[in-house]
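This briefing is for a reader who is new to the structure shown below. The points are grouped by topic.

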Amino acid sequence: MQHECKITVLETKCFKDYQEKYLADPKSGPCPCFKKGDTFILKRTPQQDDFYHLMDGKFCGEAWDAVSRYVYTALQGGSIMHGWTNDERMMITCCNDGTRPVIFKIERIDIPETDEGKEWLSKQNFKNNSQNAYTG
């Protein structure tokens, strides 16, 4: 089974009060790198390795530092957040910029290569609920 990873920007925030109080440029404003709705599909194949090449500069370094562990897990076919989100192939996370964080949805995309793989995938239950949730 092959795996890809989809990153979707759900929201961008801007805390102007923190920027005014703490930043060298108090009028920095929202993140200039991402907009709500931006999507990125990452592959990790012999022909295209978006993880190793850090998406060829198409992603903010600070944000990449915050999300890369989830991306790597997804590209390897792992459970991104077992027992935490309602689908363990998905994670909601954000970048490290406390004055203008960007909220990301990280999703593992499963691509079966055989009929057996398709059948196996159709029988899987990746859902979690409050009865089996990990709550820390």
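Helix 2 lies across strand 1, strand 2, strand 3 and strand 4 of this predicted model, and the helix runs at about 145 degrees to strand 1.

- Four strands make up an open sheet, in the order 2-1-4-3, with antiparallel pairing.
- Strand 2 and strand 3 (90-94) are at the edges with a single partner strand each, so one side of each has no neighbour in the sheet.
- From one strand to the next, the twist averages 20 degrees.
- Strands of a sheet pair through backbone hydrogen bonds, and the pairing can be parallel or antiparallel.
- Strand 1 pairs with strand 2 in the antiparallel sense over four bridges; cysteine 5 has leucine 42, in strand 2, as its bridge partner.
- Strand 3 and strand 4 also run antiparallel and are joined by five bridges; here threonine 93 has phenylalanine 104, in strand 4, as its bridge partner.

**The nonpolar core**
- The largest nonpolar core contains 24 residues. Ile7, Phe34, Phe59, Val71, Phe104 and Ile106 are those with the most contacts inside it.
- At least two residues of this core come from each of strand 1 (2-12), strand 2 (39-42), helix 2 (61-75) and strand 4.
- Helix 2 supplies the largest share of the core, eight residues.
- Valine 71 is in contact with Cys5, Ile7, Leu42, Phe51, Trp64 and Ile106, leaving aside neighbours within four places in sequence.
- In soluble globular proteins, nonpolar side chains tend to be buried together.

**Aspartate 110**
- Aspartate 110 is in strand 4 (residues 102-111).
- Aspartate 110 counts as buried because its relative accessibility is 14%, and buried means under 20%.
- The aspartate 110 side chain makes a polar contact of 2.9 Å with the side chain of histidine 3.
- Another polar contact, at 2.7 Å, links the side chain of aspartate 110 to that of arginine 108.
- Not counting residues up to four places away in sequence, aspartate 110 touches Met1, Gln2, His3, Arg89, Leu121 and Phe126.

Notes:
Residues are numbered from 1 along each chain as its sequence is written. This is a predicted model: local features need pLDDT of at least 70, side-chain atom pairs count only at pLDDT 80 or more; totals for chains, interfaces and linings use all residues. Side-chain values use heavy atoms; hydrogens and water are left out. Buried means under 20% relative accessible area, exposed over 50%, partly exposed in between (1.4 Å probe, protein chains only). A polar contact is a pair of N or O atoms within 3.5 Å; within protein, one must be able to donate a hydrogen and the other to accept it, and residues adjacent in sequence count only if both atoms are side-chain atoms. Contact means heavy atoms within 4.5 Å. A nonpolar core is a set of buried Ala, Val, Leu, Ile, Met, Phe, Trp, Tyr and Cys residues joined through side-chain atoms within 4.5 Å. Two strands pair if DSSP finds at least two bridges between them. Axes are lines fitted to C-alpha atoms, for helices over the stretch in contact, and angles run from 0 to 180 degrees between N-to-C directions.
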